[in-house]
Amino acid sequence: MAIKTNQELAQAVNKIILQSGIKKTFISEKLGISRQALDKLLDKKNFSLEDANKILSTINYSAECLIKKV
C-alpha cells in the first residue's frame with residue numbers, strides 16, 4: 001500500500017488497530033495516555049512515522065518507510 005500523506009498513514013494505523021481486534025483503550029493505557037489523547041494523536045495533521053511506530057509497537061506491529069525519489 002502506497003501511503004502518500006500523513007492522513008493516509010493515520011488511516012492505515014487505524015485500520016491495523018481495527019483488524020487486530022485490540023481496543024484503543026488498551027493501547028492508550030500501554031502508551032500512558034488517555035483514550036481521548038490517542039484519538040487526538042491519530043487525528044493530528046502532522047501524524048508521523050514515529051507516531052505510527054509508537055502506537056503500533058504496543059500491539060507488536062511496526063511501520064516501515066521506503067522513500068523513493070520520483
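In helix H3, which spans residues 35-43 of this predicted model, Leu38, Leu41 and Leu42 are buried, where buried denotes under 20% relative accessible area, exposed over 50%, and partly exposed in between, for a 1.4 Å probe and protein chains only. Because the buried residues of H3 fall within an arc of 95 degrees when seen down the helix axis, they line one face of the helix, the arc being that of the directions from the axis to the C-beta atoms. These buried residues pack against helix H1 (6-20), helix H2 (24-31) and helix H4 (49-57), with contact taken as heavy atoms within 4.5 Å, whereas the face turned away from the buried side carries the exposed residues Gln36, Lys40 and Asp43. Helices are DSSP runs (H or I, at least four residues), numbered from the N terminus.

The model is predicted, with pLDDT of at least 70 needed for local features and 80 or more for side-chain atom pairs, while totals for chains, interfaces and linings use all residues. Residues are numbered from 1 along each chain as its sequence is written, and side-chain values use heavy atoms, leaving out hydrogens and water.

The whole structure contains 3 salt bridges, each defined by a side-chain nitrogen of Lys or Arg within 4 Å of a carboxyl oxygen of Asp or Glu. In one of them, lysine 44 meets aspartate 51 at 3.1 Å, N to O; lysine 44 is partly exposed at 30%, whereas aspartate 51 is buried at 6% relative accessible area. Salt bridges that share partners join Lys24, Arg35 and Asp39 into one network.

How values were computed
Helix = DSSP H or I, 4+ residues; strand = E, 2+ residues; numbered from the N terminus.
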